[in-house]
Amino acid sequence: MALLLQHQFKPLPADKQIDTCSFLEAVSYLPQFFDCMGSAVFSPIKADISGNIMKIRAVYDTNPTKFKTLQQILEGEKEMHASQWPKVGGTLALMWLKRGLKFIQVLLQSIADGERDEQNPNSIKVNATKAYEIALKKYHGWMVQKLFSAAVCVAPYKVDFLKALSKGQNVKEEECLEKIRQFLLNFTATIDAIYEMYTKMNAELDYKA
């Protein structure tokens, strides 16, 4: 579980403002999560997440003071780009990034909650399918949906997935699951705050990739 716990997300302040620098630092390690899925089929999600992190960082680096929080990025770009917003810059990149993060969150939560296929309890196909359907499916066209269906079919066994998250160490399953739950506390709160921000600012777009 070293991959997750070595780079914990910070607790949110009372106003739920997410510090951009801290967020980018924590999220920059998450593309490696898809290496734990054991198949190159998941590389498009990894590349998409990495690309969107780079786009948000590029916006932040132009003015770290002005864009100290993620909300300030959305507010600043709304003022700068007017009619083009929210389909522009860091706002658009964060919109897609949060969906990739939601996939990770739902997948991990499903595993931690013990959801499984009783006929094949060591498979994480059920968990990965749930995560995709909740986080990403509605935003993908038919062809991309087919690719993800193929990716889910080659998802690793749970024991191999947990070992990969633990960077190759043999750790007891319940110990791994407890560490996942620990990671999910701040991670889930952060994702929920981003989704809430997009709803409040009417920044969500439903077009398909």
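I began with the lining of the largest pocket, whose residues divide into 12 nonpolar, four polar and two charged. For these classes I count Ala, Val, Leu, Ile, Met, Phe, Trp, Tyr, Cys and Pro as nonpolar, Asp, Glu, Lys and Arg as charged, and the others, Gly among them, as polar.

A note on the source. I am reading a predicted model, where local features need pLDDT of at least 70, side-chain atom pairs count only at pLDDT 80 or more, and totals for chains, interfaces and linings use all residues. Residues are numbered from 1 along each chain as its sequence is written, and side-chain values use heavy atoms, with hydrogens and water left out.

Largest pocket. I looked up its lining and found 18 residues. Pro44, Asp48, Trp96, His140 and Ala209 lie nearest the centre. Helices H3 (43-62), H5 (89-112) and H7 (142-153) each give two or more residues to this lining. The volume is about 360 Å³. A pocket here is an open set of points on a 1 Å grid over the protein atoms alone, where a 1.4 Å probe fits, with protein on both sides within 12 Å along at least five of seven lines; lining residues have an atom within 4 Å of a point. Points are joined across faces, edges and corners, and the volume is the space filled by probe spheres set on them.

Second largest pocket. I noted a volume of about 190 Å³. Which helix gives the most to its lining? H9 does, with five residues. Helices H4 (70-81) and H9 (173-200) are the elements that give two or more. The lining includes Asp15, Lys16, Leu70, Glu196 and Met201. Its residues divide into six nonpolar, two polar and four charged.

Lys16 again. I checked its backbone: phi is positive, about 60 degrees, although Lys16 is not a glycine. Lys16 sits in the loop between helix H1 (2-5) and helix H2 (20-27).

I found a cis peptide bond from Trp85 to Pro86, with omega near 10 degrees. Pro86 is in the loop between H4 and H5.

Helix packing. I took H5 and H6 (residues 125-135): they pack at about 145 degrees, with axes 8 Å apart. Axes are lines fitted to C-alpha atoms, for helices over the stretch in contact, and angles run from 0 to 180 degrees between N-to-C directions. On the H5 side the contact (heavy atoms within 4.5 Å) includes Arg99, Phe103 and Leu107. On the H6 side, Lys130, Tyr132 and Ile134 are among them. By class, this contact has nine nonpolar, two polar and three charged residues.

Whole chain. I counted nine helices and zero strands. These are DSSP runs numbered from the N terminus: helices are H or I, at least four residues, and strands E, at least two. The C-alpha atoms fill a box of roughly 55 × 35 × 25 Å, taken along the principal axes.
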